[in-house]
Amino acid sequence: MHHEAIRWVRDLLISVVVAAIFIVFLYQPAKVEGVSMLPGLADQERIFVNKFLYHFENVHRGDIVVFHYPYDPSKSYIKRVVAVPGDTVWIDEGDLYVNGRRILEPYVPLDYRDARSYPETEVEPGTYFVLGDHRSLSSDSREFGPIPRAYIYGKAVFSYWPVDKAGLLR
């Protein structure tokens, strides 16, 4: 009985250490606050953010990223990357253009679009242009400009709560 208790405690400690490494270095649980990423991500939805990925690969168009808000780095924002360094981006009455081509955005329903325009801008090296999927209710690069790569600390990869919305994020 004594040996069984020691094995149980050992297994529990190993599990706690593995979970701590997983959370501290790889995936961070996060809560979505706000409606700027509707319909894909709802207010109070729980997600996992991969903090490790961008140490080994670049941020890509379409990635949903979590970053420090440029006007208050103590706050985190979540948005979709629509343009990467070197891209030319503009918005004409709600239609997004990148490098001269209109981008079809099936993740932005008609009800969530807005008619705002944004002037043609070249995304500088080391920065990314990000937009919320709920365009009419999003504070994003249209307000604060492209965000520095150093502000991006992870990619939103998986929703786990509520359970009926659990799955990979696209």
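Me: Which residues does tyrosine 54 touch, not counting residues up to four places away in sequence?
Reply: This is a predicted model. Leaving out residues up to four places away in sequence, tyrosine 54 touches Val59, Asp63, Val65, Arg149, Ile152, Gly154 and Lys155.

Me: Is leucine 13 buried or exposed?
Reply: Leucine 13 sits in helix α1, residues 2–26. With Trp8, Val9, Leu12 and Val16, Leu13 forms a nonpolar surface patch of about 520 Å² accessible area together. The cut-off for exposed is over 50% relative accessible area. Leucine 13 has 54% relative accessibility, so leucine 13 is exposed.

Me: How are the rings of tryptophan 90 and tyrosine 97 paired?
Reply: The count of aromatic pairs comes to 12. In the pair of tryptophan 90 and tyrosine 97, the ring centres are 5.2 Å apart and the planes are at 5°. Planes under 30 degrees apart count as stacked. The pair is therefore stacked.

Me: Is tyrosine 97 buried or exposed?
Reply: Buried means under 20% relative accessible area. Tryptophan 90, at 22%, is partly exposed. Tyrosine 97 has 19% relative accessibility, so tyrosine 97 counts as buried.

Terms used:
Residues numbered from 1 in each chain as written. Predicted model: local features only at pLDDT ≥ 70, side-chain atom pairs only at ≥ 80, totals over all residues. Heavy atoms only, no water. Contact = heavy atoms within 4.5 Å. Patch = residues over 30% accessible without salt bridge, like charges linked within 9 Å, V, L, I, M, F, W, Y side chains within 5 Å. Areas by Shrake-Rupley, 256 points an atom, 1.4 Å probe, with all protein chains shown as cover. Salt bridge = Lys/Arg side-chain N within 4 Å of Asp/Glu carboxyl O. Helix = DSSP H or I, 4+ residues; strand = E, 2+ residues; numbered from the N terminus. Buried < 20%, exposed > 50% of the residue type's maximum accessible area, 1.4 Å probe, protein only. Phe/Tyr/Trp six-rings, centres within 6.5 Å; stacked < 30°, edge-to-face > 60°.
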